[in-house]
Amino acid sequence: HGANLLIVNRNEDKSKSLCREISQDYGVECTYKIADYSRLADAHKIGQELLNLDKDIDVLIHNAGVFSTTKQFTEDGLELVFQVNHLGHFIINYLLKDKAKTQGGMRIIHVNSEGHRFALSGIHLDDLRWDNHHYTGLRGYGSAKTAQILAMFKFKEYFAGSSTTINAMHPGNVKTNLGENNGPLYRFYKHKFINPYARDPMISAVALYYLGVSKEIEGISGKFFNLTTIEKPAPHALDMETADKLWTLSIELGRLK
């Protein structure tokens, strides 16, 4: 579509290489910024820089994510998976919400997951550090992805009456390096039993492209897509009372005014 790209990554060398490849192959401008969403300060920095851009943001894709088999905490004192998968994106969306509403339309897309269904008992907002509940990788991941969906509904309410939309997408079982931060046992399991059946990331990329530019979904907002097919999220990801509480708590934890 000839769009100029601004990418946000943790690794500068990989960012330079990616931008060089994109510019050469597609003849578009590609720039990058460095941030790690496990640091609240980085999420705030990126949010402010995007807010201060002297141009519109037509499509905003949130793709940062982490899966951890063990309970870990960030330097901000928050559980790692919740902070990276939900709170980092929430901060950026919150800082950009007025720009998104007034600039003339923005499509916000969260790369979410069918894994949100693993949070069978929903989100324990009173125990986000998992002190009183047993933590597993699937529960932590499912809880964070559920939070992402619940926040999506609240942002949809905020954008009502504007041409800005926000949706979530399950990319399928994609062959990526998600989970490579875990121990040797999990990595062995992933390489032996998950990766052989994982799909080419191009399939997910095409679906993201569709959600970003297709006129067929213009005006559609607050939906959960499995690639390009609308699906109903799990019941706990449709609990608007929890969504309201999560919104307030995310503003507090994210150090937003």
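This is a predicted model: local features need pLDDT of at least 70, side-chain atom pairs count only at pLDDT 80 or more; totals for chains, interfaces and linings use all residues.
At the start of helix H7, a side-chain oxygen of Asp239 comes to within 3.1 Å of the backbone nitrogen of Glu241.

Along H7, the residues Thr242, Ala243, Leu246, Trp247, Leu249, Ser250 and Ile251 are buried. In an α-helix there are 3.6 residues a turn, so residues three or four places apart point the same way. The buried residues of H7 pack against helices H3 and H4. Just after H7, the chain reaches Arg255, which takes a positive phi of about 60 degrees although Arg255 is not a glycine. Arg255 belongs to the segment that follows helix H7 (240–253), and it counts as exposed because its relative accessibility is 55%, where exposed means over 50%.

When neighbours within four places in sequence are left aside, His89 is in contact with Tyr37, His62, Asn63, Ala64, Val84, His110 and Gln148.

A second residue with a positive phi is Trp130, which is not a glycine and whose phi is about 60 degrees. Trp130 sits in the loop between strand E4 (107–111) and helix H4 (137–159), and at 9% relative accessibility it counts as buried, since buried means under 20%. Trp130 also takes part in the lining of the largest cavity, together with Glu79, Phe82, Ile123, His124, Asp127, Leu128, Gly140, Ser143 and Ala144. This cavity holds about 50 Å³ of space, and H4 gives the most to its lining, with 3 residues. Sorted by class, the lining of the largest cavity has 5 nonpolar, 3 polar and 2 charged residues. In total, the model has 3 cavities of 30 Å³ or more.

Strand E6, made of residues 224–226, includes Phe224, which counts as buried because its relative accessibility is 1%. Phe224 and Ser113 are 111 residues apart along the chain, yet their C-alpha atoms are separated by 9.2 Å. Leaving aside neighbours within four places in sequence, the contacts of Phe224 include Asn112, Ser113, Glu114, His116 and Arg117, and among its other partners are Ile149, Ala168, His170, Ile230 and Pro233.

The last stop is an open site, the second largest pocket, in which about 160 Å³ of space lies. This pocket is lined by Asp58, Gly105, Met106, Arg107, Ser163, Thr165, Val213, Ser214, Lys215, Glu218 and Gly219. By class, the lining of the second largest pocket has 2 nonpolar, 5 polar and 4 charged residues.

Key: Residues are numbered from 1 along each chain as its sequence is written. Side-chain values use heavy atoms; hydrogens and water are left out. Contact means heavy atoms within 4.5 Å. Helices (H or I, at least four residues) and strands (E, at least two) are DSSP runs, numbered from the N terminus. Buried means under 20% relative accessible area, exposed over 50%, partly exposed in between (1.4 Å probe, protein chains only). On a 1 Å grid over the protein atoms alone, a cavity is a set of points where a 1.4 Å probe fits but cannot get out, and a pocket is an open set with protein on both sides within 12 Å along at least five of seven lines; lining residues have an atom within 4 Å of a point. Grid points are joined across faces, edges and corners, and a volume is the space filled by probe spheres set on the points. Ala, Val, Leu, Ile, Met, Phe, Trp, Tyr, Cys and Pro count as nonpolar, Asp, Glu, Lys and Arg as charged, and the others, Gly among them, as polar. A polar contact is a pair of N or O atoms within 3.5 Å; within protein, one must be able to donate a hydrogen and the other to accept it, and residues adjacent in sequence count only if both atoms are side-chain atoms.
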